[in-house]
Amino acid sequence: MSTQMNRKVASGYFEKAERQETWSGMPVKAVYTPDDIKDIKYSERIADPGQYPYTRGIYENMYRGRLWSRRQITGCSTPKLTNERLKYLISHGESAINVICDQPTQIQIDSDHPWAEGSVGRAGTPICTMQDVWTIMDGIRLDETSTMLTAHSPITLPSYLLLADKQGVPYSELRVSGVITPPTVSAPVCLYGGRESADQQGIPWSTVVTQGNNEQLYAVQQKRMKEFADKLEFIIKNCDKMYPANFNGYIIREVGVGAAEEVAWEFARAFEAFDMLTKRGMDINLIAQKVSFTFSAMIDIFEEAVKFRAARRVWARNLKERFGATDPRALWLKFHVNTAGVMMERQQPIINIVRAAYGALAAVLGGTQSLQVAGYDEAIAIPTEEAATIALRTQQILAYETGVATVADPLGGSYYVESLTEKMDEKMQEIIDTIDRMGGMTKAVISGYIDREMEKAWLRYQQELEEKKRIVVGVNEFTIPEEEDVDVEAYHHQVDFDLVHKYIEELKEFKRTRSRTKVKKALENLRAAVEAGDPEILRFEMECCKAGCTTGEVGGVKRLGVGLPYDPLGVVEYPFD
Amino acid sequence: MDKRKIRVLLGKIGLDGHDRGIRMIATWLSKAGMEVVYMGTHQTAERMARAAVDEDVDVIGLSFQGADHIPLVRMMSAQIKSKHLEDRLLVVGGNIPRRDVEVLKQMGVDAVFPSGTPMSKCVAYVAENALKRRK
């Protein structure tokens with residue numbers, strides 16, 4: 001061996017673990033002892049799984065009662081390709097599904113919109129018509145399959161209900177989450193078109209912040225909150241197995257903030273919605289049990305597991321003490337976890353399989369109800385079939401081979417874990433209280449506070465990478481030359497984009513051949529219903545779907561109904577005047 | 001010698017909302033003493049090209065995370081040609097697979113900085129090459 005190589009191996013041998021804090025920057029000691037947990041009262045702070053405050057899990061026997069849902073996020077370039085991928089994953093043991101839309105659909109424009117060119121079917125599936133929803137779900141029974149919808153079209157829920165009618169499935173048997181979006185403002189992050197549209201309010205973000213046009217935002221929010229409340233009431237009454245509102249902390253974490261912020265900011269958003277709903281006279285016990293969350297699982301295994309334990313306790317305590325909830329189902333924090341996309345690296349992509357497995361382990365140790373494992377090609381594109389299969393297999397190894405599902409909360413009682421759970425709880429509550437003092441999450445976002453905190457976090461992270469204060473394998477240490485690295489074939493290399501062009505042409509043809517009179521009438525009825533604050537907007541949306549109205553049209557007239565422009569991008573005019 | 005600060009136009013064309021990367025590079029380029037005009041997300045190629053003329057920039061920087069870089073950079077290249085901006089440096093960053101780097105370069109992209117590239121490397125490249133072709 002060369003001298004240089006000898007020196008390297010010697011310094012490697014005596015290398016020390018240098019970090020003295022968690023991924024999020026919480027200071028930790030080298031060792032924890034009984035002293036660290038002597039003041040924590042078991043019955044009050046920890047308690048058995050299934051017992052308040054649910055630190056150890058919401059169910060008594062956890063995964064012996066039911067394994068977590070193996071639920072991979074799926075959104076391929078067309079509805080038909082998405083359906084094929086869903087069937088493929090189900091046939092390989094996926095136990096629940098999660099469908100994500102492409103960017104045009106997320107901001108509620110159709111695939112034939114002039115600005116959609118180049119973005120259709122690139123990062124999810126397009127949904128323009130009821131038929132698209134039906135194509136995606138073709139051959140999948142709605143009462144047998146738990147479906148989660150991430151970042152969706154306004155026509156998804158009505159199309160889904162109409163499909164239930166067609167399949168002969170009673171609404172009470174529908175198992176679906178994420179179908180209605182609470183109109184409280186979340187941190188300005190990538191979903192729903194990012195900071196350019198204030199979280200599906202359809203108001204350009206730049207207008208809200210820079211031109212002080214916040215009166216309009218509040219007015220729209222109040223109208224949307226009424227619609228949300230009406231839909232929630234319909235679902236509470238008719239859809240017993242539906243968890244319609246999903247609050248997404250995952251997307252907040254992806255920008256680089258800490259574990260406590262991820263949970264606390266999205267809790268603050270949920271609490272703001274609860275305040276509005278309870279003021280309308282709705283029962284917190286009924287509202288809260290219909291809510292679920294999506295969280296991230298980053299790479300720091302113990303910090304992440306602790307985050308989920310602390311989150312359950314913070315949720316239960318706030319629901320009980322602040323909102324007076326009494327029904328255990330309202331005190332249970334139910335969540336889905338995506339292993340972090342942001343920890344997946346483009347360099348040496350195959351090792352991402354290991355990172356995702358660690359994230360998945362943390363989620364399961366933390367007692368998640370549902371899990372998506374990111375494909376190893378996450379930093380490149382949406383997963384290829386091969387990457388999605390490996391991700392699903394990662395879940396299956398965890399579930400069937402490792403033994404981690406056998407015992408509820410296996411980390412409970414650990415000096416370190418219990419001590420850090422206390423600190424995490426404290427920090428989350430501090431952040432929730434801070435947001436409350438600002439007047440709630442909407443105001444905290446509008447004031448620019450949230451954006452500044454996010455920016456600080458990602459700049460600090462990048463600075464640490466540049467200075468190698470934080471090591472990411474293959475990125476700033478243990479690197480290899482680009483030309484020696486794996487040249488991954490991405491999903492968009494495999495897809496025949498002629499299929500996407502064909503999809504867009506078929507949409508145009510569909511628009512040409514449907515009954516213009518029926519479409520116009522349905523849209524005008526919906527618009528009038530939205531303007532009047534009609535409690536049955538959902539029924540009018542179903543009529544629109546039946547008449548052949550599209551995502552862009554339904555989203556558009558709903559914007560008109562609350563006093564916003566038809567097209568969120570300000571390019572297309574309402575076509576039926 | 002031109003004492004004028006290097007002027008950089010940054011923005012995301014298309015509908016993708018992931019802006020952590022481009023805002024990060026905006027900060028680093030500013031810290032290095034360059035003038036950064038940040039257009040935000042939801043831009044079109046035409047708007048970017050118009051801004052490049054109006055703001056008299058030396059560098060146009062785009063960032064992609066939605067696997068839409070090839071069709072969107074093609075639109076940008078067409079705008080650059082039609083507005084005679086070939087003397088400006090065109091730089092792309094984001095989630096770009098290795099095999100797409102050559103494709104982008106053939107469309108006229110001068111350099112591609114995929115996610116994970118150190119900020120210092122991007123800054124050094126821009127500082128050295130910004131004015132090379134500038135008329």
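**View 1. Helix 14 of chain A and helix 15 of chain A are oblique to each other.** This view, like the others here, comes from a predicted model. Helix 14 covers residues 352–365 and helix 15 covers residues 385–400 of chain A; their axes are 10 Å apart and the packing angle is about 45°. As for handedness, helix 14 of chain A makes a right-handed crossing with helix 15 of chain A. Helix 14 brings A:Ile353, A:Ala356, A:Ala357, A:Ala360, A:Leu361 and A:Val364 to the contact, and helix 15 of chain A answers with A:Ile390, A:Ala391, A:Thr394, A:Gln395 and A:Leu398. Sort those residues of the two helices by class and you get 9 nonpolar, 2 polar and no charged.

**View 2. Helix 1 of chain B crosses helix 5 of chain B at roughly 60°.** Here we're looking at residues 20–31 (helix 1) and 119–129 (helix 5) of chain B, whose axes come within 10 Å. That angle makes helix 1 of chain B and helix 5 of chain B oblique to each other, and their crossing is right-handed. On the helix 1 side of chain B, the touching residues are B:Met24, B:Ile25, B:Trp28 and B:Leu29; on the helix 5 side they are B:Met119, B:Cys122, B:Val123 and B:Val126. What classes of residue make up this contact of helix 1 with helix 5 in chain B? The count is 8 nonpolar, with no polar and no charged residues.

**View 3. Helix 2 of chain B packs against helix 3 of chain B at about 40°.** Residues 45–54 form helix 2 and residues 69–82 form helix 3 of chain B, and the axes of the two sit 9 Å apart. Helix 2 and helix 3 of chain B are oblique to each other, and they cross in a right-handed sense. From helix 2 of chain B, the contact uses B:Ala45, B:Glu46, B:Met48 and B:Ala49, while helix 3 of chain B supplies B:Leu72, B:Met75, B:Met76, B:Gln79 and B:Ile80. By class, this contact of helix 2 with helix 3 in chain B has 7 nonpolar, 1 polar and 1 charged residues.

**View 4. Helix 23 of chain A is largely enclosed by the rest of the structure.** Why call it enclosed? Because 10 of the 11 residues of helix 23 (residues 551–561) of chain A are buried. The buried set is A:Thr551, A:Gly552, A:Glu553, A:Val554, A:Gly555, A:Gly556, A:Val557, A:Lys558, A:Arg559 and A:Gly561. What covers these residues of helix 23 includes helix 4, helix 21 (516–532) and helix 22 (537–547) of chain A. Just past the end of helix 23 of chain A, A:Gly563 has a positive phi of about 90°.

**View 5. Chain A meets chain B through 37 residues of chain A and 30 residues of chain B.** On the chain A side, the elements giving two or more residues to this contact are helix 4 (103–106) and helix 18 (449–466). Which of them gives the most? Helix 18 of chain A does, with 5 residues. By class, the side of chain A that touches chain B has 17 nonpolar, 9 polar and 11 charged residues.

**View 6. A:Gly57 is a buried loop residue.** A:Gly57 sits in the loop between helix 2 (42–46) and strand 1 (69–74) of chain A. The cut-off for burial is 20 or more other C-beta atoms within 10 Å, and A:Gly57 has 26, so it counts as buried. Apart from neighbours within four places in sequence, A:Gly57 touches A:Pro49, A:Gly50, A:Met62, A:Gly367, A:Ala408 and A:Asp409. The C-alpha atom of A:Arg7, 50 residues away along the chain, is separated from that of A:Gly57 by 49 Å.

**View 7. A:Asn248 lies in strand 5 of chain A.** The strand covers residues 243–248 of chain A. Is A:Asn248 buried or exposed? A:Asn248 is buried, with 26 other C-beta atoms within 10 Å. A:Ser186 is 62 residues apart from A:Asn248 along the chain, and their C-alpha atoms are separated by 8.5 Å.

Notes. Residues numbered from 1 in each chain as written. Chains lettered and ligands numbered in written order. Predicted model: local features only at pLDDT ≥ 70, side-chain atom pairs only at ≥ 80, totals over all residues. Contact = placed C-beta atoms within 7 Å. Helix = DSSP H or I, 4+ residues; strand = E, 2+ residues; numbered from the N terminus. Nonpolar A, V, L, I, M, F, W, Y, C, P; charged D, E, K, R; others polar. Axes fitted to C-alpha atoms, helices over the stretch in contact; angles between N-to-C directions. Parallel < 35°, antiparallel > 145°, perpendicular 65-115°, else oblique. Left-handed = near helix turned anticlockwise from the far one by under 90°. Buried ≥ 20, exposed ≤ 12 C-beta atoms within 10 Å, placed from the backbone.
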